[in-house]
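Me: Please take a close look at a single part of this structure, the interface between the two chains, and describe it in one connected account.

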2 protein chains.
Amino acid sequence: MTHVSPTRSWVASANDHADFPLQNLPLGIFSIAGGAPRSGVAIGERIFDLQAALQAGLFESAAGDAVAAMDGGQLNAFFDLGRSARVALRERLLELLREDSPLRDKIEAQGDRLLPRAADCQMHLPAKISDYTDFYVGIEHAQNVGKLFRPDNPLLPNYKYVPIGYHGRASTVRPSGTDVRRPKGQTLPAGQTEPTFGPCARLDYELELGIWIGQGNALGEPIAIGDAAEHIAGFCLLNDWSARDIQAWEYQPLGPFLSKSFLTSVSPWVVTAEALEPFRRPQPARPEGDPQPLPYLLDTRDQAGGAFDIELEVLLLTETMREQNLPAHRLTLSNTRYMYWTVAQMVAHHSVNGCQLQAGDLFGSGTLSGPENGQFGSLLEITEGGKKPIELASGEVRKFLEDGDEIILRARCSREGMTSIGFGECRGKILPAR
Amino acid sequence: MTHVSPTRSWVASANDHADFPLQNLPLGIFSIAGGAPRSGVAIGERIFDLQAALQAGLFESAAGDAVAAMDGGQLNAFFDLGRSARVALRERLLELLREDSPLRDKIEAQGDRLLPRAADCQMHLPAKISDYTDFYVGIEHAQNVGKLFRPDNPLLPNYKYVPIGYHGRASTVRPSGTDVRRPKGQTLPAGQTEPTFGPCARLDYELELGIWIGQGNALGEPIAIGDAAEHIAGFCLLNDWSARDIQAWEYQPLGPFLSKSFLTSVSPWVVTAEALEPFRRPQPARPEGDPQPLPYLLDTRDQAGGAFDIELEVLLLTETMREQNLPAHRLTLSNTRYMYWTVAQMVAHHSVNGCQLQAGDLFGSGTLSGPENGQFGSLLEITEGGKKPIELASGEVRKFLEDGDEIILRARCSREGMTSIGFGECRGKILPAR
């Protein structure tokens with residue numbers, strides 16, 4: 001409903017903005033010129049300063065409580081208030097920012113104070129992340145990677161029963177724009193039996209959807225699949241930077257460790273479940289012969305509208321391309337529809353053993369590749385582990401990422417008759433190893 | 001030095017106390033009767049209330065700053081102050097609590113206020129855990145478990161090069177005494193191809209040393225092996241409760257997840273590096289033919305005195321044994337000497353890719369089994385995966401843990417001519433699945 005009326009904002013740059021029209025209203029934490037981080041909403045090329053607006057008397061009751069909970073430069077306490085606070089805030093924001101808002105004059109009277117230019121702001125992580133979990137629900141990625149190792153049997157027997165995931169490193173999640181220092185580590189050179197130590201030579205990106213957890217659960221009390229949507233605060237883009245050579249040597253028997261924990265990038269804006277509502281879709285029918293989810297992962301509402309239609313894009317910009325003013329090279333055009341499990345299934349599975357989730361926990365979906373060339377969400381898949389380098393307009397070739405390369409993730413939701421919304425960018429540039 | 005003189009405390013219960021004589025002085029967070037959690041030091045059967053002592057004027061300069069940093073019911077900011085603050089506090093505590101302390105009268109004048117009975121106190125986690133990492137440095141455990149799957153080749157090729165570890169779940173670490181709700185989850189019954197869902201039937205303990213990280217490092221800046229000791233705040237006991245049937249089905253290809261994240265128990269007292277100093281030992285000579293550590297893991301001081309001689313014990317007490325007043329059954333008597341890597345090597349490895357460690361991060365060593373019967377640190381090893389049940393004095397048998405069973409971890413450091421110190425207990429009792 002909120003996507004039909006109102007449709008336009010008096011903040012001119014919002015109208016027809018690719019990412020942040022009035023219909024989106026994503027939440028984030030920003031600062032200006034080294035000032036204290038505070039909460040805001042992206043609207044076109046501006047950020048609506050929520051705490052300043054609260055002080056100016058523009059929020060009261062539930063919406064006011066929601067903004068008051070954003071104290072301290074993080075959204076955790078707001079996430080913990082759950083869906084009703086989010087909806088109250090969204091409704092009030094629509095009132096304040098729509099084209100015919102009676103409050104426009106009051107906001108504009110304060111000049112740019114309530115609406116600084118996004119270009120003048122620095123974005124921060126939206127929340128203090130207690131725990132970060134990376135899933136593996138992109139079935140095409142699991143198949144593509146599995147094929148590299150087991151051509152006849154790419155998916156392991158548990159894949160279609162278990163939303164596979166593992167614990168990630170929370171301390172090294174950073175917002176878009178943070179440079180990526182090439183990690184050093186142990187790798188096993190081809191044909192050798194003893195490892196060497198040095199800079200990663202097979203540095204890769206992974207295209208993922210990030211999920212911010214809202215209200216948590218008590219230890220020992222699982223979240224039922226039917227309640228899971230209530231525990232999801234919003235979404236972002238996530239780049240699970242991966243050192244493939246370090247990963248190959250270290251990951252047996254306990255999984256990836258240092259090959260992932262040097263940095264994880266997220267887009268800084270939290271796109272809410274309410275903004276994404278028009279872009280939901282039924283969970284795809286499982287292929288003939290696939291098992292039904294076990295009862296704790298099965299919910300008719302979730303099956304009917306628990307998946308998303310979000311177009312995902314990855315761009316590469318090298319140092320040479322920047323110098324030659326060449327446009328970024330598109331590496332990937334994929335979609336969240338390649339998730340084998342819904343986000344609600346991820347939440348239900350994660351907590352079914354009694355594991356406590358907390359507001360501000362971050363999930364990654366796992367790499368979201370499509371089945372075709374052009375849809376692969378990592379260079380590991382695109383170049384088949386380095387065997388098939390890609391050629392760039394600059395005349396360069398790439399097997400994996402080189403120093404100076406920048407990876408840019410984008411996402412877009414579009415639907416006939418609806419205003420499109422986006423996620424903003426998730427960027428990161430590779431710095432040479434120290 | 002601090003273990004030679006002074007040797008006795010005017011707190012009578014400290015002298016000859018198995019765990020907490022004057023030489024130990026471990027730090028923790030406690031509360032009384034639902035009051036606010038605050039910091040204290042275990043001394044015999046008492047807890048010396050550090051914040052109350054600060055208010056009473058008993059600390060100043062560096063030791064005072066150290067106690068002031070323990071505000072808010074967690075030791076993180078104190079850990080972040082590093083070794084010098086810890087040493088200053090320890091020296092002042094020895095002055096205050098030694099037998100001939102001139103300040104004894106001043107402390108005793110306040111009655112029990114500064115020295116409540118430990119039995120009247122509740123213990124909490126000593127720190128807010130940002131990230132929890134579980135290592136796998138117990139080589140005998142790795143061999144024992146490897147043998148169950150690969151009798152001819154129990155150790156994977158990376159084991160003697162890489163201090164293997166994986167990210168654990170920080171949100172479900174709890175202090176000793178927290179009950180353990182038997183988790184539910186997916187398991188694959190023997191001989192079947194489709195999983196079932198239900199309570200874990202192979203619930204196990206894992207005996208580990210816990211390590212509390214002190215000062216952290218900046219993102220992208222590794223901690224050199226020679227500096228690693230400066231980044232370690234102290235030690236505890238850790239029980240890495242494990243659901244073996246869930247683990248077997250879920251852990252490929254990304255490692256253990258829900259099989260571990262339902263609960264991890266730690267002993268609540270932080271035994272400092274200074275208290276453990278007399279119980280250090282050279283890292284054991286590597287067996288003939290084992291590779292030298294790579295240079296980033298090699299430090300002569302660490303090799304000469306980076307390992308510990310800490311005796312580790314696991315006891316089992318069943319419901320029936322409690323009813324019959326039978327003593328606890330000893331399952332394990334092991335030692336930290338079975339660590340293939342030192343704690344400094346774990347720190348250097350964890351950060352070598354630039355991963356940021358933070359004050360209050362928790363490491364687990366991995367299960368510390370010895371090579372012989374009686375030294376195995378998990379039921380998986382003791383019963384060979386359930387094939388060889390153990391018999392208890394109560395007439396019961398156990399393959400894995402049953403509801404009502406309680407596991408108690410203890411640790412003791414002893415050396416000729418030195419006062420022994422201990423860690424206190426790490427207990428947990430199994431509750432039936434919900």
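Reply: The count between chain A and chain B is four salt bridges, a salt bridge being a side-chain nitrogen of Lys or Arg within 4 Å of a carboxyl oxygen of Asp or Glu. This is a predicted model, in which local features need pLDDT of at least 70 and side-chain atom pairs count only at pLDDT 80 or more, while totals for chains, interfaces and linings use all residues. Residues are numbered from 1 along each chain as its sequence is written, chains are lettered from A in the order in which they are written, and side-chain values use heavy atoms, with hydrogens and water left out.

In one of the salt bridges, the side chain of Arg169(B) meets that of Asp361(A) at 2.7 Å, N to O. Strand S6 (165-167) of chain A and helix H11 (343-351) of chain A are among the elements that each supply at least two residues of the side that touches chain B, helices (H or I, at least four residues) and strands (E, at least two) being DSSP runs numbered from the N terminus. The largest share of that side, three residues, comes from S6(A).

Contact, meaning heavy atoms within 4.5 Å, joins 57 residues of chain A to 57 residues of chain B. The buried area, which is the accessible area (1.4 Å probe) that two parts lose on being put together, summed over both, is about 5600 Å² between chain A and chain B, with carbon and sulfur atoms giving 60% of it. In chain A, His167(A), Leu254(A) and Phe257(A) lose the most area to chain B, together 15% of what that side buries.
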